[in-house]
Amino acid sequence: MHPSDELRFTKSRKLEGKKIVLGVTGSIAAVETVKLCRELIRHGADLYPVMSESAQEIIHSNALQFASGHDPVIKINGGVQHVSLCGNVADRADLLLIAPCTANTISKIACGIDDTSVTTFATTALGSNIPIMIAPAMHSSMYNHLIIKENIKKLENIGVEFIGPIFLEKKAKIADIEKITARVIRRIGKQDFANKKVLIISGSTEESIDDVRLITNRSSGRIGIELAKSAFERGADVQLWMGRSTENIPSYISSERFGCAGDLSKMVNKMDHDIVIVPAAISDYTIKKEEGKISSKNLVLNLKKAPKIIESIRKRSNCYLVGFKAESSLSKDKLIERAYSRLKDVPMDLIVANDVKDVSIDKNHVFIIDKNKEMIEVDDTKSIIAEKILDKISKEIR
């Protein structure tokens with residue numbers, strides 16, 4: 001067994017059975033391709049590197065052989081590797097990913113020039129209708145060249161997908177590995193949420209007492225981010241509305257922030273989604289804010305009921321609606337009973353119940369309950385829980 005095989009499926013099986021050709025060109029960002037190879041393998045992909053001569057001056061072919069478990073193609077020979085991997089043949093590649101891709105290579109592909117191993121693979125893949133994704137990397141002045149922009153548009157018009165660079169320090173740097181991986185999974189993964197508009201509402205609300213103090217709760221917002229990432233990977237048009245949270249939102253997820261329950265209530269008026277999932281910890285109570293800072297003394301807070309956001313969503317929309325119900329120190333049967341009762345009252349299509357004592361930073365123990373009171377129990381990481389919730393939604397909307 002090659003050492004790279006020991007990494008396979010350590011993160012997921014989202015790319016299981018997928019064959020990816022990784023084209024590497026002569027950008028300094030080529031040094032990132034070892035990490036990229038390994039990350040794609042962790043999700044199950046089988047990686048076949050192809051290197052231009054310029055790329056070999058930056059990173060040695062042995063490095064990509066080690067990372068992928070396959071000998072990199074550094075020169076087309078009698079094995080006609082471009083045809084065996086990207087031609088109209090059986091067991092061909094599922095994707096040609098060129099990362100990093102230079103301005104030179106972009107223009108050559110756009111003009112049908114194939115004088116390097118990578119451009120020859122691109123010409124063959126285009127002729128065979130194999131999906132192509134390109135992650136550019138170059139100085140920003142090169143990226144802003146009008147001809148380069150025209151060539152990018154030309155390739156996009158024939159179906160080539162670009163993974164936009166990060167503009168930093170006067171450079172168009174290669175997109176981060178997390179983003180490239182998510183976009184690859186989205187392109188060749190299961191795509192069971194394609195053409196679906198999905199809204200995730202997560203994090204906790206903040207009800208201001210004064211300019212310093214507030215009422216909130218311990219929700220991290222992590223499960224909402226995992227749901228958004230997974231829905232994106234499965235082809236959805238995803239929006240994440242995030243309240244107070246300790247988590248970083250991935251750059252490829254479209255997001256909007258909210259503060260108090262009143263702010264979120266106003267946002268609901270503009271929603272237009274097929275599926276709405278609400279793991280947010282929304283305060284049951286709000287308070288009239290005092291200006292400035294209240295002096296430190298004994299204080300009585302007059303709380304009033306906050307609007308029930310999930311009920312507002314149901315009144316406004318016929319979307320597929322998923323709620324969450326958190327309780328503390330209940331028996332399993334009582335927890336499920338309360339959650340199901342809440343599902344029926346709103347009504348919702350699905351509800352996810354848990355006991356807060358089972359929650360940790362990355363794990364949870366939940367019960368996914370549908371309208372027929374059929375239940376799925378999951379005790380695992382939050383990323384796995386997110387997948388299981390989406391699996392259930394996918395099954396129902398089909």
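Contact, as the word is used in these legends, means heavy atoms within 4.5 Å. The structure is a predicted model, in which local features need pLDDT of at least 70 and side-chain atom pairs count only at pLDDT 80 or more, while totals for chains, interfaces and linings use all residues. Residues are numbered from 1 along each chain as its sequence is written, and side-chain values use heavy atoms, with hydrogens and water left out.

View 1. Helices (H or I, at least four residues) and strands (E, at least two) are DSSP runs, numbered from the N terminus. The C-alpha trace spans about 80 × 50 × 35 Å along its principal axes. Of the 398 residues in the protein, 51% are buried, where buried means under 20% relative accessible area, exposed over 50%, and partly exposed in between (1.4 Å probe, protein chains only). Among contacts with a separation of 6 or more, 71% come from residues 24 or more positions apart.

**View 2. Helices H10 and H14 where they meet.** The axes of H10 (residues 222-233) and H14 (residues 382-397) come within 8 Å and cross at roughly 55 degrees; such axes are lines fitted to C-alpha atoms, for helices over the stretch in contact, and angles run from 0 to 180 degrees between N-to-C directions. The two helices, H10 and H14, are therefore oblique to each other, given that angles under 35 degrees count as roughly parallel, over 145 as roughly antiparallel, 65 to 115 as roughly perpendicular and the rest as oblique. Arg222, Ile223, Glu226, Leu227, Ser230, Ala231 and Glu233 in H10 face a set in H14 made up of Lys382, Ser383, Ile385, Ala386, Glu387, Ile389 and Leu390, with which they are in contact. Seven nonpolar, two polar and five charged residues form this contact of H10 with H14, where Ala, Val, Leu, Ile, Met, Phe, Trp, Tyr, Cys and Pro count as nonpolar, Asp, Glu, Lys and Arg as charged, and the others, Gly among them, as polar.

**View 3. Thr33 in helix H1 (residues 33-42).** With a relative accessibility of 1%, Thr33 counts as buried. Its side chain reaches the backbone oxygen of Ala30 at 2.6 Å. When neighbours within four places in sequence are left aside, Thr33 is in contact with Leu22, Val24, Ile59, Leu64, Ala99 and Pro100.

Notes. A polar contact is a pair of N or O atoms within 3.5 Å; within protein, one must be able to donate a hydrogen and the other to accept it, and residues adjacent in sequence count only if both atoms are side-chain atoms.
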